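Reader: I am new to this structure and would like to learn how to read it. Could you take me through it feature by feature?

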Amino acid sequence: MTEARGSAGSGGRAHTRYASGTPCWVSLMAHGLTATQDFYSALFGWEFRPGPHQLGPYARALLHGEEVAGIGQLPPDRHLPVAWTPYLASDDVDSTAESVRLCGGTIGVGPLDAGDAGRLAIGSDPAGAVFGLWQAARHLGTGVTGVPGTPAWNELRTFEAAGVVKFYETVFGHERDTGADADHITLKLAGRPVAGIRGMGNTLPRDRGSHWLTSFQVADTDDALRRVRDLGGRVLTPVQDDPRGRVATVADPEGAVFSVVELRG
């Protein structure tokens, strides 16, 4: 992504246009839109304003006046998973969607216009992990990062990392960086880390299958976990130290899974 000039407010980094293949937005589809907004407002300090309604009722979450995420309402007659979905930037969603199909993935929604905000599609990789594609027009994506309450990282959790990384290299131009652990791959663009792939083998939750996991930055992981519990959510994994900082995986009251991370200074 490219940095914007000027201040992002409260110490965050503002962005102009995201480079193709970069995670640029995260969106949650839930059943109870108001209750879900209340949960994340209390947890992250988000405020909300209406967004495009091409896929039903939808609101954009704001932090310090900058858009950071979206929450939409699932149709009541459709029993779809409640989950956070990362969107990857594309210069041409129609072309990228065709590449997804040619490389063994699927496109389930779109491509379609989201008003004057941009053009989108929702698909899945060959292992079944769901992601979105976003071609920006008026809405560029997440407006600020690097402060509590903003997306910090996206990681694909799948059975075997080596089995799916070629898909992302071919479709999005990602470069792979494999360290000592062959089942943990960092995806890079122009040498900069943009996302991760973790092969989990038989520890991959059978009820979820391959999936993308979004981490949100918090000021204090322990305090965030207390608030998650108080607000009706669940703590799924205890706090752990990893190269990024102190991280734990949680679920909101409807079961949407995400991580909270207190980044290292």
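Author: What follows goes through helix packing, cysteines, backbone angles and contacts in turn. Keep in mind that this is a predicted model.

Reader: Let me begin with helix pairs. At what angle do helix α2 and helix α3 pack, and how far apart are their axes?

Author: Two values describe such a pair, an angle and a distance between axes. Helix α2 covers residues 93-102 and helix α3 covers residues 165-172; they pack at an angle of about 150°, with axes 9 Å apart. Angles over 145 degrees count as roughly antiparallel, and α2 and α3 are therefore roughly antiparallel to each other. Their crossing is right-handed.

Reader: Which residues make the contact of α2 with α3?

Author: From α2 come T96, S99 and V100, and from α3 come F167, V171 and F172. Sorted by class, the residues of this contact are four nonpolar, two polar and no charged. There is also a general idea behind the spacing of residues along a helix. An α-helix has 3.6 residues a turn, so residues three or four places apart point the same way.

Reader: Is α3 mostly covered or mostly open?

Author: Mostly covered, as six of the eight residues in α3 are buried. Those buried residues are V165, F167, Y168, E169, V171 and F172. Among them, F167, V171 and F172 also take part in the contact with α2. Just after α3 comes G173, with a positive phi of about 75°.

Reader: Now the other pair. How do helix α1 and helix α4 cross?

Author: Helix α1 (residues 33-44) and helix α4 (residues 221-230) have axes that come within 10 Å and cross at roughly 155°. That makes α1 roughly antiparallel to α4. The crossing of α1 and α4 is right-handed.

Reader: Which residues meet there?

Author: F39, A42 and L43 of α1 meet A224, R227 and V228 of α4. By class, the contact of α1 with α4 has five nonpolar residues, no polar ones and one charged.

Reader: Turning to cysteines, how many disulfides does the count give?

Author: The test is whether two cysteine sulfur atoms lie within 2.5 Å of each other. The count here comes to zero disulfides. C24 is in none, and the nearest cysteine sulfur to it, that of C103, is 19 Å away.

Reader: Which residues other than glycine have a positive phi?

Author: H64 is one of them, with a positive phi of about 55° although it is not a glycine. H64 sits in the loop between β4 (58-63) and β5. Another is A190, whose phi is near 50°. A190 lies in the loop between β13 (184-189) and β14 (192-199), and A190 is exposed, with a relative accessible area of 80%.

Reader: How should I read the surroundings of a single residue? Take E67: where is it found?

Author: Start with the element, then the accessibility, then the contacts. E67 is found in strand β5, residues 66-73. At 12% relative accessibility, E67 counts as buried. Leaving aside residues up to four places away in sequence, E67 touches W25, R49, R60, A61, L62, H139, G141, T142, G143 and V144. By contrast of position, E67 and N202 are 135 residues apart in sequence and 37 Å apart in space, C-alpha to C-alpha.

Reader: And D183: what does it touch?

Author: D183 lies in the loop between β12 (175-178) and β13, and D183 is partly exposed, with a relative accessible area of 35%. Again leaving aside residues up to four places away in sequence, D183 touches A161, I197, R198 and G199. D183 and R198 are 15 residues apart along the chain, and their C-alpha atoms are separated by 5.6 Å.

Methods
Residues are numbered from 1 along each chain as its sequence is written. This is a predicted model: local features need pLDDT of at least 70, side-chain atom pairs count only at pLDDT 80 or more; totals for chains, interfaces and linings use all residues. Side-chain values use heavy atoms; hydrogens and water are left out. Axes are lines fitted to C-alpha atoms, for helices over the stretch in contact, and angles run from 0 to 180 degrees between N-to-C directions. Helices (H or I, at least four residues) and strands (E, at least two) are DSSP runs, numbered from the N terminus. Angles under 35 degrees count as roughly parallel, over 145 as roughly antiparallel, 65 to 115 as roughly perpendicular and the rest as oblique. A crossing is left-handed if the near helix is turned anticlockwise from the far one by less than a right angle, and right-handed if clockwise. Contact means heavy atoms within 4.5 Å. Ala, Val, Leu, Ile, Met, Phe, Trp, Tyr, Cys and Pro count as nonpolar, Asp, Glu, Lys and Arg as charged, and the others, Gly among them, as polar. Buried means under 20% relative accessible area, exposed over 50%, partly exposed in between (1.4 Å probe, protein chains only).
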